[in-house]
Amino acid sequence: MQSITGRTKLLGVIGYPVEHSLSPAMHNAAIAHLGLDYVYLPFPVSPQKLKEAIAGFEAIGVVGFNLTIPHKQAILTLLAQISPAAEAIGAVNTVWRTEAGWKGTNTDVEGFIAPLQGMSRDWSQSAATILGNGGAARAVVAGCVELGCREIRVVGRDRAKLAQFQQSWHNTPFAGCLTVHLWDELPEVVLQTDLLINATPVGMAPHRDRSPLTPSVLAQVRGGTVAYDLIYTPSPTLFLQQMQEKGAIAIDGSEMLVQQGAAALQIWLQRSVPVEIMRQALQAQLDSRAS
Ligand code: NAP
């Protein structure tokens, strides 16, 4: 790492907790590779202190920052501008300074679609099914819209939350292609699914032996389905292993993590960034944690 001086520009991530964040390793590797005088630091900030922290960032001239749990929604009211993507999702993960004040966007959408865009498939005839209706599922819906999927089905366990989820997209042009379903409908839904995304934490370490899929769902999976798990530890998850056994193509969550980070760094630096270096830095972190 190059030496820090009075001219070093500051980037970072705010979370609570934040000590397990993989972002500092990814971003600092890219910064070092580019030979830039920046540093990216993790900041543990409690929900009660978010406003003060942002004011402090303004005072000390922070260039930009990421947000992770639990701040992605709370930051919305503290920004001068919000991108249409972040507005639609209702969450911000990347913030930077403009003349008008802080501006926020959500790079999870770019992160999510990057591995799918690399597959040279025409997604416009595809039906996507999203398991879960939390924060990440919102970015996935926006991603599926950007890909042009003709149908988007969201599966959840709470009828009221599902209704609220659907209602939140009511005023968007794609509201007509979004339907919501309870888990017991999944065997039927999966029959007409080209892209199946796990946006629940089911199967995440340490609960590696769990899968969101039951035998009756697996029995309906078509070969050639693309199975995408947002989870990156373990890799592959049981969900991806089960889907691969059914002839599916598997994508884990690590590329999404790399690509959302690369998109954020590109905004802050206003230049292209070394994605492969970020990918290697992330993998090294994941490997060291697995051993
Ligand atoms: P979240 O807001 O807490 O939402 C989790 C969703 O999963 C909710 O809809 C929840 O249902 C559902 N769920 C939780 N446990 C379940 C269970 N046992 N059975 C069925 N449904 C269950 O979390 P999130 O931020 O959306 O994150 C979801 C996953 O995506 C996490 O594993 C996270 O690590 C991953 N993620 C990865 C990336 C990446 O870059 N790769 C980015 C963001 C998130 P209820 O609402 O009914 O509780």
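Leaving aside residues up to four places away in sequence, D252 touches Y228, D229, I231, S235 and L240, where contact means heavy atoms within 4.5 Å. The model is predicted, so local features need pLDDT of at least 70 and side-chain atom pairs count only at pLDDT 80 or more, whereas totals for chains, interfaces and linings use all residues. Residues are numbered from 1 along each chain as its sequence is written, and side-chain values use heavy atoms, with hydrogens and water left out.

D252 lies in the loop between β12 and α10 (254-269); helices (H or I, at least four residues) and strands (E, at least two) are DSSP runs numbered from the N terminus. With a relative accessible area of 19%, D252 is buried, a term that means under 20% relative accessible area, with exposed over 50% and partly exposed in between (1.4 Å probe, protein chains only). The side chain of D252 makes polar contacts with the side chain of S235 at 2.4 Å and with that of S254 at 2.8 Å. A polar contact is a pair of N or O atoms within 3.5 Å; within protein, one must be able to donate a hydrogen and the other to accept it, and residues adjacent in sequence count only if both atoms are side-chain atoms.

Two strands pair if DSSP finds at least two bridges between them.

Axes are lines fitted to C-alpha atoms, for helices over the stretch in contact, and angles run from 0 to 180 degrees between N-to-C directions.

In α9, F239, L240, Q242 and M243 are buried. Seen down the axis of α9, the buried residues fall within an arc of 165°, so they line one face of the helix; the arc is that of the directions from the helix axis to the C-beta atoms. Just after α9, G247 takes a positive phi of about 90°.

The largest nonpolar core has 28 residues, of which F112, I130, C144 and I197 touch the most other members. Such a core is a set of buried Ala, Val, Leu, Ile, Met, Phe, Trp, Tyr and Cys residues joined through side-chain atoms within 4.5 Å. The largest share of this core, five residues, comes from α5. Apart from this core lies another, of 25 residues, among them V13, I31, L265 and M278.

A further open sheet has six strands in the order β2-β1-β3-β5-β6-β4, with mixed pairing. Helix α1 (residues 23-34) packs on this sheet, touching β1 (9-15), β2 and β3 (64-67), and its direction makes about 170° with that of β2.
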